[in-house]
Amino acid sequence: MSADTTDAFRKDRAPAVLAPAWIRELDMALTVYPQILLTGNVRDVFLLAEDDEGGVGAPEPGRPPTPFTLEEVIESVCRSRGYGALARQSMVDDRVVAWRLTGDPFSLPPALRRMAEEDARADRERAARDAAARESADADRDDADDADDGDIEAGIARFREIMIGTVQHTGPAIGLIIPYTARLGSPRGPVAGEAARLLAAAEELGHTARPVRGTGDVTPYNTIFWVVEKQEDLPLEFAIGSRALRVITVPEPPHDQRHAAGRFVVERLASRPPAEDGDTGEASPATEAEQRQATEALARSSYGMGVGEILAVGRMAADRGLPLSRLDEAARLYRVGVLDNPWATQAVRENILNGEDYLNAAVIGQPHAVRRTIEIFMRSAAGLTGAQSSSSPSRPRGTLFLSGPTGVGKTELAKGVAKMILGEDARPIRFDMSEFAEEHARDRLIGAPPGFVGHSAGGELTNAVRASPMSVLLFDEIDKAHPRLFDLFLQILEDGRLTDGQGATVHFTECVLIFTSNLGVSAEVMRPRSRRGAKSEQGEPDPEAEAAERQPRLSRHDRPEDVREALRAAFDTFFNDHIGRPELRNRFGDSFVAMDFIQPDSVAPILNKALGSVAGRVKEVHGAELTIRDDPWEVLRVEATRRLDHGGRGVVTAVESALVNPLSRELFHQPARPGEHIEIEAVDGQDEAYTLKVRRWR
């Protein structure tokens, strides 16, 4: 085929059927550059239409698309340019494999012909050696290792000879594909031996190569195609800056390509036979409107996926009999390797439906915070993640930013959420962010980069999510973390994924993220005298309306509305001014939840809960029954109320000081017996000098 044949890449074709830009760039580069480096999304498949001339173009209406690998795309482009043959380095067969692209008389380069003869002879010799090895299994292992090293060097030397012979070939153009270029050497150290000679030869060949003879005015080179996913993985000696090398980046599929892949999947799923009774598939053929809706949903939910992954989602949906209406859900679950959507189960829906009562029992005195939390998780169970979800449907299932005084139940609320969603034995995965105050703490979360100590261990956060894709992640006292860590949270909240130190992607799409802070409580705060954001008549900020006054730290005697407003103001100030991350503040959206101070009317239920815990521990350890009369209970209530400035922890501290400590002394001197009854008749004393009057019987 001549070089000027009209095909899918040529400018005289209608723009609607042009191949993707990187394929057109590849076609152009064949006549200009003797070497081409393809990098980026090179391991994906590409959904394209094959035209009548043997080339590929963008899918056209009425013309079924076909999945192409990168090698098949290269083959299609080379065939349209009149190449006579292609060869590729095969890591599986440990040899170079060649095949013809034309039926015309064609002679392979001598190096490739000799290679084929040598490979056939080597196969026969290898079969003979294998037979002999089975008879002498005790051959010296060291000698075998030395032979292996020699084989590697000999193989690289042989490949260098083939590359030289290919570039210097004078017949119709041929191409040589090296699909795993990064395997030739390390990006962190010099390459030696035959690998160094090969890369040096490749650089020189790039500068000395000339276009092959042909019948057209413009003829291509004998082209070397280097393929690598990341440029930073190339060996140090690779001539990345050579003018003879064209670097072409294969991009991740944009929305229109994901839409085409979604349509490809939907059309095949819709062509399945009607579902029988008991099947979970569609009860009747999907309408055109339903197919369009499923296609668009899959395209949106597959953000960040390759076309090959979208096709895999379709295979998974077909294997599990999922209807078209659940394809977007299948894409989310494919990311994290979860077969079923736990958010769609009836148990989770019932737990969230009854969640307000459940969480109010676990977190006493916080009805406002509990109500806001339940609203957020109802939204998640309904398959929504907020108004911003259209920009990135792979965001986490739920996000909470709990702000409030110490001891008001922020951590308890996180524990309650984990139990409500994941079951009674579930606990949040907790990260105390005060331990991540140093800049290098980022490596603890996602893993050290290559070459650093601990690289192989991975990161604490990424390892935890990889092991348990559906988790509640608790980032306690987030304001104490190093500012550099907030870049990670920005990526998680926006894209729902992180890349760890080993280059692997970890998805957070099924996770719940809970952040806690006591910003605005532990120090004096700036409180606005009037509403925030007031404007003058000219539309400028009104300095008088924005004037703020410094007031003493918040206390439980402030009105709840004032506390919530002050906490919100401190939240805004922290992200806007202190760390300069207003975009992160915006990502939290309406997930900010202010928690109130514990009021005296909440002391009794918190006290009863703490006493129940003590009685349960006595029963578990000693097998005895612990009861408390009304008078000592009232003493404990008064002592707990006196310490209420410390929130719920003050109540627990009061129980430990006035009951647990003297009871421990009692049981230490006179251990309890199984089945014994222990009744607290009185509590006397103050501060740390409490005594109990105890009655015991069996």
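Which side chains meet in a salt bridge at 2.4 Å, N to O? They are those of Glu71 and Arg88. Glu71 lies in helix H2 (residues 70-80) and Arg88 in strand S5 (residues 85-90), 17 residues apart. Helices (H or I, at least four residues) and strands (E, at least two) are DSSP runs, numbered from the N terminus.

This is a predicted model, in which local features need pLDDT of at least 70 and side-chain atom pairs count only at pLDDT 80 or more, while totals for chains, interfaces and linings use all residues. Residues are numbered from 1 along each chain as its sequence is written, and side-chain values use heavy atoms, with hydrogens and water left out.

A salt bridge is a side-chain nitrogen of Lys or Arg within 4 Å of a carboxyl oxygen of Asp or Glu. The whole structure holds 32 salt bridges, including these:

| Pair | N to O distance |
|---|---|
| Glu71 and Arg88 | 2.4 Å |
| Arg466 and Asp500 | 2.6 Å |
| Arg695 and Glu679 | 3.5 Å |

Arg695 in strand S21 (residues 689-697) and Glu679 in strand S20 (residues 677-686) are 16 residues apart. Both belong to a network of salt bridges that links Arg629, Glu679, Glu681 and Arg695.

Arg466 is partly exposed at 39%, whereas Asp500 is buried at 6%. Arg695 is partly exposed at 36%, and Glu679 is buried at 14%.

Thr39, in strand S1 (residues 35-40), is buried at 5%. The side chain of Thr39 reaches the backbone oxygen of Val228 at 3.1 Å.

Definitions and conventions: Buried < 20%, exposed > 50% of the residue type's maximum accessible area, 1.4 Å probe, protein only. Polar contact = N/O pair within 3.5 Å; in protein donor to acceptor, adjacent residues only side chain to side chain.
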